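Let's take the questions one at a time.

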Amino acid sequence: MDKAIWVLLLFFCYFLIGNLSAQDIEHSERAERISGSAGDVLEDNPVGRLKVYVYNLPSKYNTKRVKKDPRCLTHMFAAEVFMHRFLLKSPVRTRNPEEADWFFVPVYTTCDLTPNGLPLPFKSPRMMRSAIKLVASKWHYWNRTEGADHFFVTPHDFGACFHYQEEKAIDRGILPLLQRATLVQTFGQRNHVCLKEGSITIPPFAPPQKIWAHIIPPDTPRSIFVYFRGLFYDVGNDPEGGYYARGARASVWENFKDNPLFDISTEHPATYYEDMQRSVFCLCPLGWAPWSPRLVEAVVFGCIPVIIADDIVLPFADAIPWEEIGVFVAEEDVPRLDTILTSIPTEVILRKQRLLANPTMKQAMLFPQPANPGDAFHQILNGLARKLPHDRSVYLKAGQKALNWTAGPVGDLKPW
Amino acid sequence: MKVAVFLQQMQSYREREIKGISPFWLLIHLLCCIVSTVLGFRFSRLLFFLFFSTSPLLSPHHLSTITTTTTTTTITTITTTFSALASTNSTTSSLPHSTALNTTTTPTITAFSQPVTTHPVVGRHGIRVRPWPHPDPVEVMRAHQIIRQVQLEQRKMFSPTKNPRPIVIVTPTYSRATQALHLTALAQTLRLVPYRVTWVVIEAGGVTDGTASILARSRVPFMHIGFDESMPDSLEARRFVEAKMRVHALRLISGQKREGIVVFADESNIHDLKLFDEAQKVKSIGAIRLSFLTDPRNPYQENNLQAIPPVQGPVCNSEGQVSGWHTLDASNDGFNPQTMDWTGFVLDLKWLSEKDLDKIDENLNGLLGDNGSGIEPLGNCGEKVLVWWIRAETQPNTKFPSGWAIENGIPSKSETNSTAKRR
């Protein structure tokens, strides 16, 4: 009699599981699972895997800057503000610094905007230095490791090099005081001075509400082959051409302005987001810096990104296999871009679209408020969690000093 | 600015150990400066590189500076070869041989303090343009194929069913002036339907050659059936005969026990392609929203400035179930099979084959039942009008040209009656 009940129960379970897996199969036909070099980590939950202590800095470093200029909340560097706000309310936050694995220093270094809305990085090194000095003097956790278990969000053009011109940024290098800290930045280029090993590359901030307001029905047929809107020549800063984007954008224009497959222009149409959803490929060439918000927009709208930036390091590169999702074109191959794109086999293109259709992929690129599971905030925490536990060498012995507090240009040493 | 550089370079030449070269190079340099001012770009460095690409005097960092000369699009071919040469050179060497040579550079060029590996060089680059920057027709065709495949995949992903059923379209017709106009338009619509379509055309008065030729040109798989009665003149009577023709067609179709969907498409109506997508959802009998445009001076809408078109379709409650009906006769808004138009309904073939066709009369009674229960609301409960009823007909006795042949050019006004031949 008991055996009969167990058999019935087993049958019932099989029935249930059978139903569930059928639904999964249907869902997976539309989207494919994404697993990068670190494994299938996009959907990991960081809660319980790490503890973050958020320093309570005076508001002149953070909230006062936003109050002074609220444009800091909508420009593409707004990740620093929203990361701070997310961490304050997140369950990974701990108020006991003794048990913290990571320490977050909330200083908004890109919130000094020109009237046009571009951030001026000239005071940022001094601001950062001042914040670190405060942290080092008021709490003892900085001196314990000289910042090796602290992380900062530096979303500016060239990260912690704090300059918008590449040559000057390279000359300055990463701020000496941040040599041991983990940097969370949008800039990423291999073998570049401004990308430290162990940094976490994040996508630039794109306002999620604005994006979601422009979603069109997904069965609208994609009829544009290649789409791009933006500058090809930066006439204000580089009138002769060849400097901006290392000549790659100008090359795209000169080669493909007459090509009917390429819908490229410098206009600002009101239907920009809708047009991206009707395109198969979206160009994401470098500008003054190799990263651009176009990557985020392309991924969210299901348009295959065509990345034209040599040696670029894309966001969450260990969690997302970008080679399988996007198309990488070397800058010297730009004149052959049409040949390259039309020679991709159709199955590869359809697979890339299936990968892009995965909702976890789209979530991982955005910074929604309030935070959703699997979004960019959680990916940053996952990245930090993967770096745990800290190496023994992180903790300095008594009296051991690793940072040079007087290094760097003289102008940086002035107080802020 | 140029004078300062010139003086600087003069100094550096003096510092060099090799004697006797300076005046000669000074002269060359002067010549190059003049040529540069004429041409508008740094000509001297290009020449330097051309003559001394294998010389050990030149440090690799000097070579890397050549890659970053300013260029315009007209001379990009030169620059690309230089940059290729320079990149190979820069990978093999490290630091400059003599510090004296460092002073010959101007401050705008590359930072050479970085470790020299194969990574993009900062500074000015050439703009690469291929010799014939125009589309290649083979590639354009390939791109169109890619777009088509992507769209097919999209349709497959977002279509309401995984296994679409073939659709049978039932159209009553008769030979008259506007027949070619209507049938061609409907044929074009049916060619756009993304499912397998069989077009069953029933002609009143028997099969005629004119209709057959229109159907043959349509490139839609069709079945041409004749019906013995001929079409009467009055509108009311016409509707009656059309209904009989449809029932006749249904008898022929339901004899074949197959999977499919029956859509009634009158030749003069306008169909939204979503109608066929919605039809795939039907399990027994479904109703869609049908409407026709009225004269704004219509007596039905005396009080409204903007006429609301009469609509036939289901009305749903919040759970999505049918709770009422709109009918085309606005004065009588209840479910009445006699006022319903056939084209607002879609049938499933299997369900039809189980019904007794003798009970179906011209007023849809046997199909719809008494109170319309069991009819599925399609198209998001009839939210969008999927069929527009356009009765664009001429007078019954209108002469119509079934073909024109203009042999002697377009006739002028005076010759209209005589030269144009009618067949």
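Q: How many residues of chain A are in contact with chain B?
A: Keep in mind that this is a predicted model. On the chain B side, 38 residues take part, and their partners in chain A number 51.

Q: How much area do chain B and chain A bury between them?
A: Carbon and sulfur atoms carry 59% of the buried area. The total for chain B and chain A comes to about 3800 Å².

Q: What is the distance between the closest N and O atoms of Asp338(A) and Arg130(B)?
A: The rule finds three salt bridges across the interface of chain B and chain A. The side of chain B that touches chain A has 15 nonpolar, 16 polar and seven charged residues. Asp338(A) and Arg130(B) form a salt bridge, and the cut-off for one is 4 Å. Their closest N and O atoms sit at 3.1 Å.

Q: Which strands are the edge strands of the open sheet in chain A?
A: Five strands of chain A line up as E7-E6-E8-E9-E10, with parallel pairing. An edge strand here pairs on one side only. That picks out E7 (262–265) and E10 (327–328) of chain A.

Q: Which residue in E8(A) stands opposite Val226(A)?
A: Strand E6 (residues 224–229) and strand E8 (residues 279–285) of chain A run parallel and are joined by three bridges. Opposite Val226(A) stands Phe281(A).

Q: Where in chain A does pLDDT stay under 50?
A: Chain A has a mean pLDDT of 88, with 95% of its residues at 70 or more. One stretch stays under 50, and the model gives it one contact beyond four places in sequence. That stretch is residues 20–28 of chain A.

Terms used:
Residues numbered from 1 in each chain as written. Chains lettered and ligands numbered in written order. Predicted model: local features only at pLDDT ≥ 70, side-chain atom pairs only at ≥ 80, totals over all residues. Heavy atoms only, no water. Contact = heavy atoms within 4.5 Å. Buried area = accessible area lost by both parts, 1.4 Å probe. Salt bridge = Lys/Arg side-chain N within 4 Å of Asp/Glu carboxyl O. Nonpolar A, V, L, I, M, F, W, Y, C, P; charged D, E, K, R; others polar. pLDDT = per-residue confidence, 0-100. Pairing = 2+ DSSP bridges. Helix = DSSP H or I, 4+ residues; strand = E, 2+ residues; numbered from the N terminus.
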